[in-house]
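Let's walk through this model together, from one of its pockets to its cores and rings. Keep the 3D view open as you read.

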Amino acid sequence: YIFFYLISSRFAICENNFKKDFQNIETELNQRNFVALGKYFDKKEKIDFKNKFFKLIKEFPDAKWEIIKSKSINAKQHKLDMKLYGSKNLNGKKFKLESYFSFLFDLHNGLIKKSYIQNNLTTIRNDDNKIDIKISIPNKVLTGSNYDIDIILNQPLGETIIAAGIKEYQDGELLNQSIPLEPLATGGIFKASRAPLIPGIQIWTGMIAHPSGLISFTKTVNIVEEY
C-alpha cells in the first residue's frame, strides 16, 4: 500500500482564528468539501492535494481526520498533529486504517506553498486488534547514526506460525515494493539500521502474517544533523 495523509489551512497568527480554522478544515475534510479545501492552496499544491485526497478516499471511503494538537513554529511555519482512520472491505474481510502523523507547512501570502509529513506511523490490519503488537522505531535520529527497529509481539508465540518482513521504502520504485516474508522464530522483528548521511526522511514498511490476520505498517524517521 501507498498511504497519503493530508490536511491544510490558511492560518492567521491570531490564536482564536487559528483554532477556528482548524475546526473548519477538519469539517471540510470529513465532508469531502474539496472546493472549500482547494482555496487554501497555491496552484501547484492544490493539484498535488487533489490527486492524493481523491486517491485516499477511493481506497478508504469512510476515512476521517482528527486534529489532535496545533502549534505555530514561527510566523510562517505551522504544525498539526493529526489522526487519520478508516476502513475498507476486501475479499470478505474488513481492513482498518489508523495513522498518526505531524503535518508541517509554510504559508506564503496566506496560502500553503510547501508542506510535508513527519513522525508518521500507519497501520492497516484485519485482525480486529487481536494481535498485541508494539512498533518501536524512533521519530528522529542523527545523520549517520545507528538505531534499532523493533516490532514486538507481546503475546508468546507458542506453536503459532508467523511470517513477517520489513524493508526500507525506496522512492521511485513503486512497481517493486514487495516485502519478502520469512518465518518469525522470535517474538518480533529486530533490526539494526544506520541513518543516511544526508538529512531527510527515511521510510520503513513491513508486514506481519498471523493466524488472526494481517498487519501492514509504515513508519517515517526524520534524519537530522542536530537535535
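Which strands each supply at least two residues of the lining of the second largest pocket? They are E3, E4 and strand E5 (133–136). Before going further, please note that this is a predicted model, in which local features need pLDDT of at least 70 and side-chain atom pairs count only at pLDDT 80 or more, while totals for chains, interfaces and linings use all residues. Residues are numbered from 1 along each chain as its sequence is written, and side-chain values use heavy atoms, with hydrogens and water left out. Helices (H or I, at least four residues) and strands (E, at least two) are DSSP runs, numbered from the N terminus.

Back to the pocket. The term stands for an open set of points on a 1 Å grid over the protein atoms alone, where a 1.4 Å probe fits, with protein on both sides within 12 Å along at least five of seven lines; lining residues have an atom within 4 Å of a point. The second largest pocket has a volume of about 240 Å³, a volume being the space filled by probe spheres set on the points, which are joined across faces, edges and corners. E3 gives the largest share of its lining, 4 residues. Among the lining residues you will find Lys96, Tyr100, Thr123, Arg125, Asn129 and Ile215. By type, the lining divides into 6 nonpolar, 2 polar and 4 charged residues (Ala, Val, Leu, Ile, Met, Phe, Trp, Tyr, Cys and Pro count as nonpolar, Asp, Glu, Lys and Arg as charged, and the others, Gly among them, as polar).

Asn129 lies in the loop between E4 and E5, and its phi is positive, near 60°. Asp128 lies in the loop between E4 and E5 too, with a positive phi of about 55° although it is not a glycine. Most residues other than glycine have a negative phi. Asp128 counts as exposed because its relative accessibility is 53% (exposed means over 50% relative accessible area, buried under 20%, partly exposed in between, with a 1.4 Å probe and protein chains only). Asn129 is exposed as well, with a relative accessible area of 53%.

Now for the interior. A nonpolar core is a set of buried Ala, Val, Leu, Ile, Met, Phe, Trp, Tyr and Cys residues joined through side-chain atoms within 4.5 Å. The largest one has 25 residues, of which Leu29, Phe49, Phe53, Trp65 and Leu84 touch the most other members. Elements giving two or more residues to this core include helix H1 (15–30), helix H3 (43–59) and strand E1 (64–72). E3 provides the largest share of this core, 6 residues. Apart from it lies another core, of 22 residues, among them Ile151 and Ile208.

Rings of Phe, Tyr and Trp (its six-membered ring) pair if their centres lie within 6.5 Å; planes under 30 degrees apart count as stacked, over 60 as edge-to-face and the rest as tilted. The count comes to 8 aromatic pairs. Phe49 and Phe53 are stacked, 5.4 Å centre to centre with 25° between the planes. Both lie in helix H3, 4 residues apart, about one turn of the helix. Phe53 also stacks with Trp65, because their centres are 5.8 Å apart and their planes at 20°. This pair links Phe53 in helix H3 to Trp65 in strand E1.
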